[in-house]
Amino acid sequence: MRILVTGGCGFIGSAVVRRLIDQTTHEVLNVDALTYAASIKATEAAAQSGRYRLEVANITDAASMERIFSEFSPDAVMHLAAESHVDRSIDGPGTFVSTNIVGTYTLLEAARKWWARQDAERRKAFRFHHISTDEVFGALQPGDPPFTERTPYDPRSPYSASKASSDHLVRAWYHTYGLPTFVTNTTNNYGPWHFPEKLIPLVTINAIEGRELPVYGTGQNVRDWLFVEDHAEALVRAVECGQPGETYAIGARQPRTNMQVVETICTILDELHPDPAGPHARLIRHVTDRPGHDFRYEIDPTHAEQALGWHARHDFEHGIRRTVQWYLDNRDWWDSIRAARYGGERLGQAGEKMGTAA
Ligand SMILES: NC(=O)c1ccc[n+]([C@@H]2O[C@H](COP(=O)([O-])OP(=O)(O)OC[C@H]3O[C@@H](n4cnc5c(N)ncnc54)[C@H](O)[C@@H]3O)[C@@H](O)[C@H]2O)c1
């Protein structure tokens, strides 16, 4: 297949690109605007392949998107480009509306115009795979059953509202125009190349450096944590066999409270990177909660597991150990991001904003 991946220099997109190049024979065109969240280094190995190409372009640019569809003539689109950080959406929702809603609309229209010009066989085989989040479903309370594909939408943050809007557009283009789209909604990811302002990398980096570990509120918020390479495997399965009009809710069956996550990282670092000053857990600090902080997300992935023949391979303890080790081994990467983006300021000193997203 010729697969157009948007956002392929991001955290999840780069895992998808690496998997497509390493473990399939598909061709990949990565369309990415290279925002603050992009990391070219995460696709460096894939870039050695003749089956991979990067095109720097913004998905809100209709002329570029139309040209890219005509030139690359994809069999499938994997749409991951997005603004993805909840705290940033609270501070500045405009770019979330622009990229996540207008950008998805622009990409859908470019796809539809190109698709309408193809013969019947190609039109039938084409897939537009939209990658979304479980945050569109709102928040669960203790004892509520996990989200499924049938859970009604109830987004609470500018980020989740913009992703919900894009999901609705993608489904409308299927029902109205017949464009063969489908949606995957996934729980929180973690793993290598995760941008250092998100919860797991932030806590890991601060702990490595003996700095405070900020945790929102009591730290009892629950997330179902999916190792990013497991997610990439599910997404590649989905683009190869996903059915138009479908939704696949992808989860790891690994719910943990934020406190459990932070304490697990501390315990692993006590073993892999002992601090002479004492156990890393002494650095945990509770800070004022994020506004509208959803209490619990959790997915029942039964349908996706059956339909895609996939299940998450990593339990949380296995995946988090690999992740912590990766941050210990790749200090150059996260140090250079801090130097470039935060003027060398240490993460966690910039206050809650930098602190504790999950
Ligand atoms: N991170 C998670 O835990 C998670 C969970 C579920 C779903 N998702 C979804 O998966 C997708 C990828 O998430 P991520 O964590 O890898 O995001 P990310 O922020 O790490 O990467 C986003 C990528 O998109 C690119 N991009 C942003 N705006 C663009 C634009 N206007 N045009 C072209 N490229 C643009 C960025 O340069 C970056 O490379 C998103 O759609 C997100 O909503 C993420």
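User: Which residue forms a salt bridge with Arg253, and how far apart are the closest N and O atoms?

Analyst: Arg253 pairs with Glu305, and their closest N and O atoms are 2.8 Å apart. A salt bridge here is a side-chain nitrogen of Lys or Arg within 4 Å of a carboxyl oxygen of Asp or Glu. This is a predicted model, in which local features need pLDDT of at least 70 and side-chain atom pairs count only at pLDDT 80 or more, while totals for chains, interfaces and linings use all residues. Residues are numbered from 1 along each chain as its sequence is written, and side-chain values use heavy atoms, with hydrogens and water left out.

User: Where in the chain do Arg253 and Glu305 lie?

Analyst: Arg253 is in the loop between β11 (247–250) and β12 (255–257), and Glu305 is in helix α10 (residues 302–308), 52 residues apart. Helices (H or I, at least four residues) and strands (E, at least two) are DSSP runs, numbered from the N terminus.

User: Is Glu305 buried or exposed?

Analyst: Glu305 counts as buried, at 18% relative accessibility. Arg253, by contrast, is partly exposed, with a relative accessible area of 43%. Buried means under 20% relative accessible area, exposed over 50%, and partly exposed in between (1.4 Å probe, protein chains only).

User: How many salt bridges does a search of the whole structure find?

Analyst: The search finds 23. Glu209, Arg211, Arg331, Asp335 and Arg338 are linked in a network of them.

User: What does Glu209 pair with there?

Analyst: The side chain of Glu209 meets that of Arg331 (2.7 Å, N to O) and that of Arg338 (2.9 Å, N to O). Arg338 belongs to helix α12 and Glu209 to the loop between α7 and β8, 129 residues apart. Arg338 is buried, with a relative accessible area of 1%, whereas Arg331 is partly exposed at 34%.

User: Changing topic, why is helix α7 described as largely enclosed?

Analyst: In α7 (residues 199–208), 10 of the 10 residues are buried, so the helix is largely enclosed by the rest of the structure.

User: Which residues touch the most other members of the largest nonpolar core?

Analyst: Of its 32 residues, these are Ile200, Leu213, Val262, Ile265 and Ile320. A nonpolar core is a set of buried Ala, Val, Leu, Ile, Met, Phe, Trp, Tyr and Cys residues joined through side-chain atoms within 4.5 Å. Helix α9 gives the most to this core, with seven residues.
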